[in-house]
Amino acid sequence: MKTIKIGDILVNDGIITIEQLLNAIKLQKENPGKRLGTILIELQYISESQMLLALSRRVHMDVYDSKTDLINSNAVKAIPKKLSVKHLAVCIEISSTVAKVLINDPLNFYAQEDVSSILQCNVKFILATKQQIIEIITNQYSEMEMSNAISSAKNLFASEINKDVTVIADGREDAPIVNLINKLLNKGVHDLVSDIHIEPFEKKTNVRMRVDGLLINYLDLESGLHQSIVSRIKVLANLDIAEKRVPQDGHFKFTSNEEVVNVRVSTLPTIYGEKVVMRLLLKNKNLDYSETFGMNFENYNIFKSFIKRPHGIIYLTGPTGSGKTTTLYMILEELAKGKVNISTVEDPVEQNILGINQSQVNPVAGLTFESGLRSLLRQDPDIIMVGETRDNETAKTAVSAALTGHLVFSTLHTNDSISTIVRLADMGVEPYMIGSSLAGVVAQRLVKKICPVCKREHLLTADEKKRFPHLFRTFEGKGCSNCNFTGYKGRIAIHEIFELDSVIANMVTKKEPIDNIYRYARDSKKMKFLQDDVAQLLADGQTTIDEYNKIAPLN
């Protein structure tokens with residue numbers, strides 16, 4: 001096997017051409033330390049999966065299938081974590097006579113011998129991608145470490161039962177409560193959790209995590225640990241530990257895998273103690289259409305005309321948790337590459353962006369959105385971002401800034417893009433100012449995607465066939481360990497782009513009923529609505545009818 005010529009195998013199987021092989025061999029001569037397979041993958045001639053399939057036929061090893069090869073947590077423990085990470089090898093099944101071990105490199109005989117000597121039984125090695133093995137190691141060992149942290153915390157509580165619980169909330173990294181909080185936060189970052197809820201009840205403390213918009217039960221802890229956990233979080237967020245009768249808000253930062261994460265903390269007194277919610281302000285990972293601000297290319301081409309304008313106000317609208325701020329940061333990060341002065345006033349500053357002057361609202365010190373915005377206008381800005389338009393003074397000042405030569409971005413809470421006109425009017429902005437200053441509005445929602453592991457065809461009911469006559473196939477997720485048995489994995493943004501042309505601007509100035517504007521936008525076919533975007537995802541098999549109904553419910 002040491003003389004396997006992977007290039008010949010791939011050429012014979014028709015996966016690469018002879019020209020591609022010769023090009024890779026040439027690069028290998030320039031980089032003698034690299035394997036040919038690695039170079040072929042880097043050149044994007046093949047995928048890692050294709051490489052493993054080709055190797056499996058030559059070395060007579062199976063390839064890992066996440067749908068059929070189940071993972072036994074006790075089996076994973078059979079190989080120490082350091083050894084698993086070192087060799088990229090993880091045991092997924094074990095008995096007294098045989099073990100199944102995932103490996104990435106079938107030619108690393110030293111690793112195979114090392115693993116076999118640890119397991120002391122016959123080992124069946126199975127090929128898996130690096131990403132698959134890393135995911136299993138991260139998930140399985142983090143669960144074990146969390147269990148150990150909980151056990152340590154319980155033991156500490158038993159020994160400290162007669163002491164002040166705030167003693168447990170010190171900053172020692174080896175303190176069990178500290179360790180428990182760290183494990184929760186790292187788990188949240190790894191699973192792309194948006195919020196961690198720590199909820200006290202009579203006989204237990206419940207830990208839930210919001211993943212893809214759904215709250216998933218994660219841990220049940222003894223109620224005796226609750227106050228120690230709350231105290232530790234309060235220390236991190238610089239809150240008053242002694243005050244337990246009123247809600248408190250704060251924030252802190254921590255580092256996970258070299259990524260600095262901002263965490264917003266909110267406490268709320270309940271009958272069994274203080275509930276804590278930690279919101280993890282993560283940079284958006286695995287974002288669909290990241291090069292176009294999460295928009296599909298049709299919507300992006302319309303939106304480009306907005307940001308090319310020298311002045312005007314652009315609103316991003318949607319409910320809390322719809323990803324407005326994430327989209328806004330992506331836009332500002334791109335605009336900051338130009339020769340412009342960008343200033344913001346936010347509450348809070350969720351992400352630091354190089355080249356942008358960011359200010360955080362501080363009502364206690366007198367820095368509100370309205371006063372901060374007025375100050376920004378004296379700082380010679382080209383582009384201004386107001387985190388949220390909350391009141392009439394902020395709205396009027398933002399509109400005035402747009403009319404005096406600035407490009408302004410802000411967010412609003414509205415159900416759709418056209419409702420922005422009504423919302424601004426309710427805030428006291430004159431219709432003629434809205435028509436003159438508003439460049440455009442982007443309404444955004446997040447739609448859950450079907451889990452790719454447990455995806456299956458959904459049989460349309462008679463009513464669904466009537467409602468979707470042009471839809472022949474739809475899909476759903478059955479539910480599996482990959483998606484926490486929800487049937488969904490990840491979310492994708494949908495958008496509704498509302499551009500004020502001369503006709504609409506005139507209608508706004510003349511105070512025509514909002515229904516007339518809706519009718520014109522629909523009949524002129526100049527814009528697509530949110531339900532059009534989600535309908536396309538449904539037709540493409542990316543989401544479900546249930547998700548469509550949330551955007552376009554039956555009347």
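These are my notebook entries on a predicted model of one protein chain.

**Ground rules**

I number residues from 1 along each chain as its sequence is written. The model is predicted, so I take local features at pLDDT of at least 70 and side-chain atom pairs at pLDDT 80 or more, while totals for chains, interfaces and linings use all residues; side-chain values use heavy atoms, with hydrogens and water left out.

**Entry 1: the whole chain**

I started with the overall picture. The chain has 21 helices and 18 strands. I take both as DSSP runs numbered from the N terminus, helices being H or I with at least four residues and strands E with at least two. The C-alpha atoms fill a box of roughly 80 × 75 × 60 Å along the principal axes.

Of the 555 residues, 46% are buried. My cut-offs are under 20% relative accessible area for buried and over 50% for exposed, with partly exposed in between (1.4 Å probe, protein chains only). I also looked up contacts, meaning heavy atoms within 4.5 Å. Among contacts with a separation of 6 or more, 62% are between residues 24 or more positions apart.

I checked pLDDT, the predictor's confidence in each residue from 0 to 100. The chain averages 84, and 92% of the residues score at least 70. Over residues 156–174 the pLDDT is below 50, yet this stretch has 24 contacts in the model beyond near neighbours in sequence. Where pLDDT is low, the predicted coordinates should not be read in detail.

**Entry 2: salt bridges**

Side chains of opposite charge can pair when their charged atoms come close. For a salt bridge I want a side-chain nitrogen of Lys or Arg within 4 Å of a carboxyl oxygen of Asp or Glu. The structure holds 20 of these salt bridges.

Next I looked at Glu93 and Lys100, whose closest N and O atoms are 3.8 Å apart in a salt bridge. Glu93 comes out partly exposed at 39% relative accessibility, and Lys100 is partly exposed at 25%.

Arg245 and Glu243 also meet in a salt bridge, 3.3 Å from N to O. Arg245 is exposed at 70% relative accessible area, whereas Glu243 counts as buried at 17%.

I noted a network as well: salt bridges link Glu199, Arg208 and Lys275.

**Entry 3: helix pairs**

Two packed helices are described by the angle between their axes and the distance between the axes. My axes are lines fitted to C-alpha atoms, for helices over the stretch in contact, with angles from 0 to 180 degrees between N-to-C directions. I call angles under 35 degrees roughly parallel, over 145 roughly antiparallel, 65 to 115 roughly perpendicular and the rest oblique.

Helix H9 (residues 176–190) and H10 have axes that come within 10 Å and cross at roughly 70°. They are therefore roughly perpendicular to each other. H9 brings Ile177, Val178, Leu180 and Ile181 to the contact, and H10 brings Ser228, Ile229, Arg232, Ile233 and Leu236. By class that is seven nonpolar, one polar and one charged. I count Ala, Val, Leu, Ile, Met, Phe, Trp, Tyr, Cys and Pro as nonpolar, Asp, Glu, Lys and Arg as charged, and the others, Gly among them, as polar.

The axes of helix H18 (residues 502–509) and helix H19 (residues 514–523) also come within 10 Å, crossing at roughly 170°. That makes H18 roughly antiparallel to H19. From H18, Val503, Ile504, Met507 and Val508 meet Asn516, Ile517 and Tyr520 of H19.

Most residues other than glycine have a negative phi, and most peptide bonds are trans. Leu88 has a positive phi, near 50°, and lies in the loop between helix H6 (81–87) and strand S1 (89–94). Phe293 has a positive phi near 60°. I found Phe293 in the loop between S9 and helix H11 (297–307), and it is buried at 6% relative accessible area.
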